[in-house]
Structures are given as structure tokens and as C-alpha cells.
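Student: I should like to learn how to read the features of a protein model. Please show me the structure and take me through it.

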Amino acid sequence: MISRAAILSTGDELTTGRIVDTNSSWIADKLFEMGVDVVAVLTVGDYPDRLEWAWRHALELADVVISTGGIGPTADDLTTETVGRALARPLVEDTASANRIRQFFEGRGVTMPVNNLKQAMVPEGALIVPNPLGTAPGYRVEHGGRHVVVLPGVPREMKPMVEDTVLPWLRSLRGGGVYLARTFQTFGVSESGLDEMVAGVVDPSEGRVSFRASFPEVSVRVVVHGHSADAERRLDAVAGKLRERLGACVYGEGAVTLEETIGRLLLERRQTLAVAESCTGGLIGHRITNVPGSSRYFLGGAEVYSNRAKEAILGVQHETLDAHGAVSEETAGEMAEGARRRFGADVAIATTGIAGPDGGTAEKPVGTVCFALASADGTITRKYLLWGNREWVKLLASQVALDWIRRHALGLPVLDSYRPRGRS
């Protein structure tokens, strides 16, 4: 029975910060869906002593250790040698893998470097995990009731190997039943705030609730285990209770973005959209147009960074700018109305603010952003104090703008604040 897993990522490029280890988080996510407890994630460089230390500790902690990286053909690819020492097993050549590597190069009319055959060497007794996209096969070994899985570090090779071979094998070891999950995407409430909101909603015997913050949004996931029909029924029940408690901060289920959600809502309502951006510098329009088919509802946008552009392009009154300044609800309101009028849109959203790091005052500190939404129902405006560096303020402002469009389409009020709990 597999209940605990450790994930091991190897490579100097990881420990020196040259690249970010996305493999471990992706594998951990897949294991969590199965109900496997990930007890450790270890990252080590290409040093034999450090690798051996990591393998020995991982094997002490977990029923299965899944490793990525270090099985290439070069001298610093040390994973297989280390596994052989840790398990006290000699390395042998897997004939089928060696032949496949030769065929890989022959098929491309390229002379094979002899060191590529190093990739066909595996610990004695290992079972091959096929790699249809590269030369390095993976493998798995059972040792003393524990299991070792070794995979390449290239994500495009590793992921199909996990999904096609490793996960089905792990499910067979897990025994009967299935693990089903549902994920809610939320915005407007902090991770700790969401935890308070759903406290006590799902009994631990019914399912497991977890949170993952990925600025500027937070996902809430519930996982249930059981026989297929029963698990589906229980998942529907607990997910329904969660969804009701979370309320309007949920903008979608599964792997959906906020821009995809507003696109669907606008299409369903046959409404068109325009944007007017100052401090976000086109980011809102960029996100909207990342969605295929957005031309069916998005008419266009205006990046009006200077006051002169606000006046000339959107018709913002010079008197408004003089009296209230570029960063004001009054200016944002005229920007939204001007964009709606200029593009002939049903709805227009506008942003103007101070992203920093300079430009703030006591009255309007860095992070001050004013929003406006204009529609046939009138114009609404708000001023928020956002947080973070310049990039964060721009991204968060774009997210708030998209959330306003969503709320307008659903007939929901906008929030009075987007500051996380615990911030003044």
C-alpha cells in the first residue's frame, strides 16, 4: 500500500537558481489527487555525496521516491549510479532501451555519441518506464518493500511518462477505490480568509480541503476517496456545500482563468467590451485577447498614459484633471465613459493609478488605483489601495478590473476592498 511519497529533483541548475523546479510541484499535485501524502520534496545538485544523502533520507521517509533529472548521457548525470549504490544493485544495460537509442540517432541520420548508451544502464531488476519523446528511458525498482521511480528532468518528456505509466501503476498499488477532486478558483478573499469561510463545512471523513495561493488568486480543492459511484456522489455533495459557502468569490471551477470566465459571460449575454488603461498599460486588453475567440466580444482598448492622451482620445475633461488629478475616481469615470462611447461597447472598464515605486504622495500613496465601469446602467467608481511592487500592482489591478466585469455581468456588487486580511 503506497501512502507516503518523496519527490527528488536533481541538478545544479536548480540549486543555483538558474531554473525553477516546476516538476516537483506538478508531480506533488498529481499525487495529492490520488490521496498520496507527499512527505518531502528534496532538491540537490550534481554531487555524489549530496545525491546519496538525499536518496537515503528519501527512502527512509517514504513508500515511493520519485526522482526527476540526472539520467542524461553526460558525466554530471549521476542519478542512476547513485540509485545503484543506495540500493546495493549493479547497473546493467537494458537491451531494448539501447537499441531504441541507436534507432533514434539512425532515424535522423546522425552519428550516435557512445556516451548516449549510458542512458540504457539501469539498476539490476529495474522495469522500464517508456519515454516516447526522448532518448532517456525512465525506470522503477522495488527494494525492501519500497519503490523507486526515476524519470528524466525535461517536463515535456516527464509528464506523459507520469500520466501514461507511473500513475496507473501507483493506482494499482493503492488498491480499490478512486480519488476524485474538484477545484474552485477564487478572487477577492485571502487564503486565510477562505480557510475561515469554509471551516467546518467538510468533515475530514467526507473529504480533504486544501488551498493554493497563486498571486493574485487562490484555488480551493476538495478530494474524496471511495468506489467510483459513491465517490462521485460524495464529491458532488461536499463540493456543493463548499461552493455555497464560498459564494461570489468563486469565478470558476477547474483550470479556468478569470479572463476566460468573463469571455463566456459576455458571450452568453451578447455584450461587448472596451477598456481604457493608464497604470495597467494594456495588461487588461492583453489578458482578454489571450482567450481564443475574444474578438466576438472585445471591441478594443485605449492605453492613455498621459493626461493629453486621456483628453484627446477619451474626452476626459481638462477641468476634471485639474480639479481631481489623473488618479481619481472622477477621471476613471470619464475614461470608462469615453471608451464606451468611442468603441460603441455595452460595457467599458477603466484603470488609473500609481504603480510605483515613485509618484506616491501622502494623499495618494503608491498602490492607489481608481477603477470605473460604464454601462447602460450608469457608471460606478472606486478607489483601492493595492500592494506589492510595480509588477504586482499592475497585475492585481488587471485582476480587479476583470473581476468587476464578471460581477457586473452577474449582477453582483463590486467589493469595497481588495486588501487581504491582516493588512491595514
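Student: How many residues has helix α8, and how far does α8 reach from its first C-alpha to its last?

Tutor: Helices (H or I, at least four residues) and strands (E, at least two) are DSSP runs, numbered from the N terminus. The expected span of a helix is 1.5 Å times one less than its number of residues. Helix α8 (residues 228-246) has 19 residues and reaches 26 Å from its first C-alpha to its last, close to the expected 27 Å. This is a predicted model: local features need pLDDT of at least 70, side-chain atom pairs count only at pLDDT 80 or more, and totals for chains, interfaces and linings use all residues. Residues are numbered from 1 along each chain as its sequence is written, and side-chain values use heavy atoms, with hydrogens and water left out.

Student: Which residues of α8 are buried?

Tutor: Buried means under 20% relative accessible area, exposed over 50%, and partly exposed in between (1.4 Å probe, protein chains only). In α8 the buried residues are A231, R234, L235, V238, A239, L242 and L246. They cover an arc of only 130 degrees around the axis, which puts them on the same side of α8; the arc is that of the directions from the helix axis to the C-beta atoms. A229, R233 and E244 are exposed on the other side of α8.

Student: What do the buried residues of α8 pack against?

Tutor: Contact means heavy atoms within 4.5 Å. The buried residues of α8 pack against β9 (178-186), α7 (191-198), β10 (208-214), β11 (217-226) and β12 (250-253). Just after α8, G247 takes a positive phi of about 65 degrees.

Student: In what order do the four strands of the open sheet with antiparallel pairing stand?

Tutor: Two strands pair if DSSP finds at least two bridges between them. The order of this open sheet is β10-β11-β9-β12. Its edge strands are β10 and β12, each of which pairs on one side only. From one strand to the next, the twist averages 25 degrees; axes are lines fitted to C-alpha atoms, for helices over the stretch in contact, and angles run from 0 to 180 degrees between N-to-C directions. Strands β9 and β11 pair in the antiparallel sense over nine bridges, and L180 stands opposite V224 in β11. Strands β9 and β12 also pair in the antiparallel sense, over three bridges. Q185 stands opposite G252 in β12, and T186 stands opposite V250 in β12.

Student: What is the order of the open sheet of six strands?

Tutor: The order is β2-β1-β3-β8-β7-β6, and the pairing is mixed. Strands β2 (37-44) and β6 (127-129) stand at the edges, each with a single partner strand, so one side of each is left without a neighbour in the sheet. The twist averages 20 degrees from one strand to the next. Strand β1 (residues 4-10) pairs with strand β3 (residues 64-68) in the parallel sense over five bridges, with A5 opposite V64 in β3. Helix α2 (residues 23-33) packs on the sheet and touches β1, β2 and β3; its direction makes about 165 degrees with that of β1. Helix α3 (residues 48-61) lies across β1, β2, β3 and β8 (146-151), running at about 175 degrees to β2.

Student: Is S67 buried or exposed?

Tutor: S67, which has its place in strand β3, counts as buried at 0% relative accessibility. Not counting residues up to four places away in sequence, S67 touches L8, W55, T79, V149, V150 and L151.

Student: How far apart are the end C-alpha atoms of helix α13?

Tutor: The end C-alpha atoms of α13 (residues 329-343) are 21 Å apart, which agrees with the 21 Å that its 15 residues should span. Buried in α13 are T331, A332, G333, E334, M335, A336, G338 and A339. Their cover includes β13 (273-277), α11 (307-314), α12 (318-324), β15 (347-353), β16 (368-375) and β17 (378-385). G344 follows α13 and has a positive phi, near 65 degrees.

Student: How many disulfides does a search of the whole structure find?

Tutor: A disulfide is a pair of cysteine sulfur atoms within 2.5 Å. The search of the whole structure finds zero disulfides. For C279, the nearest cysteine sulfur, that of C370, is 8.8 Å away. C279 is buried, with a relative accessible area of 4%. C249 is buried too, with a relative accessible area of 5%.
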